[in-house]
Amino acid sequence: MHLTTPYDDNNIFAKILRDEAPAIRVYEDEMTLAFMDIMPQLPGHVLVIPKSPAANLLTLPPEYTQAMMLTTQKVARAVQKAMDAPGFMIAQLNGAEAGQTVFHIHMHILPRRDGLEFKLHARVLADMDELQTIAARIRAAL
Ligand code: 5GP
């Protein structure tokens, strides 16, 4: 998948946006959606996506870039509070060569504590009850 490859309307995040696939949502507004990553690298791993059909940052219209960043800031604040995390990391991958696996642009919010102990990217499915519990804590902190 190259940066210039056209957007695929049937990618999993497009399906989540159309409610054709499930997601544990924590925040939504007119231009963005935030939901729990199903294969979290750390507890509290949240994804933020714009409601715009862009595969990567280079093709995202400016107004959606702005909305995505504002939602990332808002949700990161809640994630940090809910997880009682001293820090957090934001990641955003563009292109398969950079490690991107879902080709609808998204921001990763990763609450962090000491060291670098986080799991490999997109490997192990989370326990859904645990994800629901964490999502409820994040929603309450918004
Ligand atoms: P990327 O590799 O594209 O930066 O990140 C894709 C992220 O989406 C990974 O962290 C992966 O765990 C997550 N992911 C993949 N499929 C699904 C899904 O069906 N639902 C949710 N909630 N997350 C997904």
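Which polar backbone atom is 2.9 Å from a nitrogen atom of the ligand? Select M36: a polar backbone atom there is 2.9 Å from that ligand nitrogen, a polar contact if you take that as a pair of N or O atoms within 3.5 Å (within protein, one must be able to donate a hydrogen and the other to accept it, and residues adjacent in sequence count only if both atoms are side-chain atoms).

Before going on, a word on what you're looking at. This is a predicted model, where local features need pLDDT of at least 70 and side-chain atom pairs count only at pLDDT 80 or more, while totals for chains, interfaces and linings use all residues. Residues are numbered from 1 along each chain as its sequence is written, and side-chain values use heavy atoms, with hydrogens and water left out.

**Stop 1**

Next try H106: an N or O atom in the H106 side chain is 2.9 Å from an oxygen atom of the ligand. On its own the ligand would expose 530 Å², and the protein buries 92% of that (Shrake-Rupley areas, 1.4 Å probe).

Now show the whole shell. It has 19 residues, the closest being D37, T101, H106, H108 and H121; to be counted, a residue needs a heavy atom within 4 Å of the ligand. Color α1 (12–17) and β2 (32–36), the elements that give two or more residues to this shell. Helices (H or I, at least four residues) and strands (E, at least two) are DSSP runs, numbered from the N terminus. The top contributor is α1, with 3 residues.

**Stop 2: H108**

Select H108, in strand β5 (residues 107–112). Is H108 buried or exposed? It counts as buried because its relative accessibility is 5%, and buried means under 20% (exposed is over 50%, partly exposed in between; 1.4 Å probe, protein chains only).

**Stop 3: K74**

Finally, jump to helix α2 (residues 62–82) and select K74. At 39% relative accessibility, K74 counts as partly exposed. Leaving aside residues up to four places away in sequence, K74 touches Y27 and L142.

Definitions and conventions
Contact means heavy atoms within 4.5 Å.
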